[in-house]
Each structure stands twice: as C-alpha cells, then as structure tokens.
Amino acid sequence: MTPPNAKPAANNLEAFFMPFTANRQFKANPRMLAKAKGGVGVEIDAAMPVLVDALQHDDLGLRMQAASTLGQRRLQTDKVVPIFVAGLKHKSSGVRVQAAQGLSQMGQNAKSAAPSLVRVLGDQDASVRQQAIQALYQVRGDAEIVMPALLQVFGDGNADARRTVLQVAHIYGG
C-alpha cells in the first residue's frame, strides 16, 4: 500500500489501486486508485500523467476508470468522451451503464456524445436505456435528434422510462 504522503512515479500505473465495479474481469484484478478528489493521499495533479496514460491502456476497465475520474472533474474531455462512447458499445450492460453515467457526469462537455446516447435508447437492457435518458438530460444534445428518440422511448411501455422521459423532455422543448 502506498503511504499517504508518497508521490507516485509519473506514468506508473502500479502506483494506484481501485476496484472497478461494473466489469467482472477488472474486479478480479483491480489496478488503479484514482477517485474524483484525487485518491487517497494523492493530488489529482500527481495522478494526471497516470490517468492520461491509462486512457490508452489495452484494458477497457482501466480506461473507463481513468475516464470516469477525469470526466468527473471535466478534464481531458477531448480524450474522455470517445472512451465513454466506445463503452456504450461494449457487450457488458454494466460497462454501457457506466459509460452513460460518465457522459452524464461530464454534462454539456459531452454534448458531442448525444447521437451515441440516442442510439443506446434502443438497448435491450432497461438500465442502460434509463441511464442514457438521464445522460441526455445532462449533455443537452440537439433537440431535433433527441426529441424523436425520447418520444419513441415514451411509447415503448416501460413505466420507469416514461417517467424519466417526461422529466427530461422539457429541456428539449417537449
């Protein structure tokens, strides 16, 4: 365990540890500690090189955790948004949910992801659809694209989705 005062070596992915909860494979081998407030005893500035490097890592779980940490602080948005968009296409519904949550946390900085979130509204998993609707509320995409998709979700019969659509539609003029 890293002492609270220790400064990690730049670009050392082993310096941080945190379990990633949405991906079973990553839970079996957690590798990173980096919370939105910088981690335990680690300032975000010290963690920044590691997080940015982690955005390019082969392990999607690690990329998503780094993206989530940076996204919560609205840092490196040009690199983070594409990672979350890629996560929306993952085979695991848990990863798709976390990707939508990450985009939601980024708010209007993730506006370019709205078309991808609209595509996710057709997901088989209700929790993914629900999170995508909530993310669309935060990112504030183009109403001409978002409103027709929200109306289609409203008509699909899922009561939870209908309630969320009603809460979100007003910001798009619905």
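**Close-up 1. Gln-131 and its contacts.** Leaving aside neighbours within four places in sequence, Gln-131 is in contact with Val-97, Ala-100, Gln-101 and Ser-104, where contact means heavy atoms within 4.5 Å. This is a predicted model, in which local features need pLDDT of at least 70 and side-chain atom pairs count only at pLDDT 80 or more, whereas totals for chains, interfaces and linings use all residues. Residues are numbered from 1 along each chain as its sequence is written, and side-chain values use heavy atoms, with hydrogens and water left out. Gln-131 lies in helix H7, helices (H or I, at least four residues) and strands (E, at least two) being DSSP runs numbered from the N terminus. At 13% relative accessibility, Gln-131 counts as buried; buried means under 20% relative accessible area, exposed over 50%, and partly exposed in between, with a 1.4 Å probe and protein chains only.

**Close-up 2. The packing of H7 and H9.** Two packed helices are described by the angle between their axes and the distance between the axes. Helix H7 (residues 126-139) and helix H9 (residues 159-169) pack at an angle of about 5°, with their axes 10 Å apart; the axes are lines fitted to C-alpha atoms, for helices over the stretch in contact, and angles run from 0 to 180 degrees between N-to-C directions. H7 is therefore roughly parallel to H9, since angles under 35 degrees count as roughly parallel, over 145 as roughly antiparallel, 65 to 115 as roughly perpendicular and the rest as oblique. On the H7 side, Gln-130, Ile-133, Gln-134 and Tyr-137 take part, and they meet Asp-160, Ala-161, Thr-164, Val-165, Gln-167 and Val-168 in H9. The residues of this contact of H7 with H9 divide into 5 nonpolar, 4 polar and 1 charged, where Ala, Val, Leu, Ile, Met, Phe, Trp, Tyr, Cys and Pro count as nonpolar, Asp, Glu, Lys and Arg as charged, and the others, Gly among them, as polar.

**Close-up 3. Arg-162 in helix H9.** Arg-162 is found in helix H9 and, at 33% relative accessibility, counts as partly exposed. The C-alpha atoms of Arg-162 and Gln-130 are separated by 9.5 Å, although the two residues are 32 residues apart along the chain. Leaving aside neighbours within four places in sequence, Arg-162 is in contact with Phe-154 and Gly-157.

**Close-up 4. Arg-96 in helix H5.** The place of Arg-96 is in helix H5 (residues 93-106), and with a relative accessible area of 11% this arginine, Arg-96, is buried. A polar atom of the side chain of Arg-96 lies 3.0 Å from the backbone oxygen of Lys-91. Beyond neighbours within four places in sequence, the residues in contact with Arg-96 are Gly-87, Leu-88, His-90, Lys-91, Asp-123, Asp-125 and Val-128.

Close-up 5. Most residues other than glycine have a negative phi. Phi of Arg-74, however, is near 55°, a positive value, and phi of Gln-76 is likewise positive, near 55°. Arg-74 is partly exposed, with a relative accessible area of 43%, and Gln-76 is partly exposed, with a relative accessible area of 27%. In H4 itself, the buried residues are Val-80, Val-81, Ile-83, Phe-84, Val-85 and Gly-87, and the buried residues of H4 pack against H3, H5 and H6.

**Close-up 6. Lys-111 in the loop between H5 and H6.** Lys-111 is found in the loop between H5 and helix H6 (114-120) and counts as partly exposed at 46% relative accessibility. Although Lys-111 and Leu-136 are 25 residues apart in sequence, they are 8.5 Å apart in space, C-alpha to C-alpha. Leaving aside neighbours within four places in sequence, Lys-111 is in contact with Val-139, Arg-140 and Gly-141.

**Setting of the close-ups.** The protein has 9 helices and 0 strands, and buried residues make up 47% of its 174 residues. Among contacts between residues at least 6 apart in sequence, 57% join residues at least 24 apart.

How values were computed. Polar contact = N/O pair within 3.5 Å; in protein donor to acceptor, adjacent residues only side chain to side chain.
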